[in-house]
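Subject: Structure for you to look at

Hello,

Here is the structure I promised to pass on.

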Amino acid sequence: VELTAKKGNTQGYEVWCDRGTGSFTFIGFSTGRKYLDTTERPAQGANWKYKVIYHIGNQQVGQWSTVVTVHVW
C-alpha cells in the first residue's frame, strides 16, 4: 500500500495502521510525500485502516488525519 500526504513545512509524518485488530499501531515515519507499507499482504482480502500525524521539533503536531480504509488482497 502506498500512502501520499502533503508534508508542508513539517519534518514528516508518523504512519499508523489498524490491520483488523481494532487498534492502531505505529508502522513508520516518512520525511517525504509518500510512504510505502511493505507489510506482507494477507492470504484473504482484508480492510486495513491508515492515519497520519505530522511532526515539528520531533513532536506530534496538529490533528490526526482522516482515517483511510484500503482493501488489501
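This is a predicted model: local features need pLDDT of at least 70, side-chain atom pairs count only at pLDDT 80 or more; totals for chains, interfaces and linings use all residues.

Residues are numbered from 1 along each chain as its sequence is written, and side-chain values use heavy atoms, with hydrogens and water left out.

**Aromatic rings**

Searching the whole structure gives three aromatic pairs. Rings of Phe, Tyr and Trp (its six-membered ring) pair if their centres lie within 6.5 Å; planes under 30 degrees apart are called stacked, over 60 edge-to-face, and the rest tilted. Tyr13 and Tyr54 are an edge-to-face pair, because their planes stand at 75 degrees, with the ring centres 6.1 Å apart. Tyr13 belongs to strand β2 (residues 12-18) and Tyr54 to strand β5 (residues 46-56), so this pair ties together parts that are 41 residues apart in sequence. Strands here are DSSP runs (E, at least two residues), numbered from the N terminus.

The cut-offs are under 20% relative accessible area for buried, over 50% for exposed, and partly exposed in between (1.4 Å probe, protein chains only).

Trp16 and Phe26 also pair edge-to-face, at 5.9 Å centre to centre with 70 degrees between the planes. Trp16 sits in strand β2 and Phe26 in strand β3 (residues 25-30), so here the parts tied together are 10 residues apart in sequence. Both residues are partly exposed: Trp16 has a relative accessible area of 22% and Phe26 one of 45%. Together with Trp64, Trp16 and Phe26 make up one aromatic cluster.

**Lys51 over two rings**

The charged end of Lys51 sits over the ring of Phe24, 4.5 Å from its centre. Lys51 also lies over the face of Trp64, at 4.3 Å from the ring centre. To count, NZ of Lys or CZ of Arg must be within 6 Å of the ring centre and within 35 degrees of the ring normal.

**Glu14**

You will find Glu14 in strand β2.

The Glu14 side chain does make polar contacts, with the side chains of Trp16 (2.7 Å) and His55 (2.6 Å). A polar contact is a pair of N or O atoms within 3.5 Å; within protein, one must be able to donate a hydrogen and the other to accept it, and residues adjacent in sequence count only if both atoms are side-chain atoms.

Ser30, in strand β3, is buried with a relative accessible area of 5%. Its side chain reaches the backbone oxygen of Gly32 at 3.0 Å and that of Lys34 at 3.0 Å.

Thr69 is in strand β7 (residues 68-72) and is partly exposed, at 45% relative accessible area. Not counting residues up to four places away in sequence, Thr69 touches Asn47, Trp48 and Lys49, where contact means heavy atoms within 4.5 Å.

Best wishes

Key:
Helices (H or I, at least four residues) and strands (E, at least two) are DSSP runs, numbered from the N terminus.
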